Amino acid sequence: KPSDIVIILDPGMAFGTGMHPTTRLSLYQIEKYVQPGDSVIDVGTGSGILAITAAKVGASPIDAVDIDAMSVRVAKGNLELNDATSLITMDVGSGDWATSRGKTYDVVVANIIARILMELSADLRASVKPGGLVLLSGIIEPKEADTRATFDALGLELIDRNQIEDWISLTYRAPA
C-alpha cells in the first residue's frame, strides 16, 4: 500500500527480521509513537530494523548500538540497502552507550529479553529526556510483572501495553 513502510533487509546472523512477535510489537510501537524530528536510540539493534523504521517515520538523529560487532556490521549493510547511512549512527555498545556520551533521547527503543532489560533499566531510564518515551519489547509473559516493577520503580509511567502470543511490549513515559 502507498502508506506502507518498506524496509529492505538482509538479517545475516543478526536478530531482527520483522517476523518474530517482539520485533512486530516494536515496529508497532515505533509507528504509533515516534514523531518526525524525534531523537531515537535503538539499544540492541540487531539487524537495524527498528532504527531503520524510526528513520523512515522521520526520526532524527538516530543512534543504534549492539554488543555484538557482527550485528553492527550486518546492520550497517542494512542501512546501505535502505539509504539510511546518513541518518543513523551505528556503534558497538550497550545500555550505557548514551549516558557515557552525555546523550539523551526523545525515544529509547529496546527489544531485548526481559532479564537484560531489567539489568539495563537504569541506563535506559537515564537515556530518555523528560517527557520522552521508553519502548520495551522482548518480554515473555511470565516476566512481565518483574519487568514492570523494575521500570515502575524508576518513576516511569506505563502508557501502553501490547501482546502477541506470549510476548509483551510496554511503552513508558518519563516525567516531564
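Predicted model: local features only at pLDDT ≥ 70, side-chain atom pairs only at ≥ 80, totals over all residues.

Q: Start with α1 and α2. At what angle do their axes cross?
A: Roughly 20°, and the axes come within 10 Å. Here α1 covers residues 21–33 and α2 covers residues 49–56.

Q: So parallel or antiparallel?
A: Roughly parallel, because angles under 35 degrees count that way.

Q: And is the crossing left-handed or right-handed?
A: The crossing of α1 and α2 is right-handed.

Q: Which residues meet there?
A: From α1 you have T23, S26, L27 and I30, and they meet I49, L50, T53 and A54 of α2. By class, that contact has 5 nonpolar and 3 polar residues, with no charged ones.

Q: Switching to the largest pocket: what's its volume?
A: About 320 Å³.

Q: How many residues line the largest pocket, and which lie nearest its centre?
A: The lining has 19 residues, and G44, D66, N111, I112 and I113 lie nearest the centre.

Q: How does that lining divide by class?
A: The largest pocket has 9 nonpolar, 9 polar and 1 charged residues in its lining.

Q: OK, backbone now. Which peptide bond is cis?
A: The one from S60 to P61, with omega near 0°. P61 lies in the loop between α2 and β2, the strand at 62–66.

Q: What about D83, is its phi positive or negative?
A: Positive, near 50°, and D83 is a residue other than glycine.

Q: Where does D83 lie?
A: In the loop between α3 (69–81) and β3 (88–92).

Technical notes: Residues numbered from 1 in each chain as written. Heavy atoms only, no water. Axes fitted to C-alpha atoms, helices over the stretch in contact; angles between N-to-C directions. Helix = DSSP H or I, 4+ residues; strand = E, 2+ residues; numbered from the N terminus. Parallel < 35°, antiparallel > 145°, perpendicular 65-115°, else oblique. Left-handed = near helix turned anticlockwise from the far one by under 90°. Contact = heavy atoms within 4.5 Å. Nonpolar A, V, L, I, M, F, W, Y, C, P; charged D, E, K, R; others polar. 1 Å grid on protein atoms, 1.4 Å probe; cavity = no way out; pocket = protein on both sides within 12 Å on 5 of 7 lines; lining within 4 Å. Points joined across faces, edges and corners; volume = space filled by probe spheres on them.
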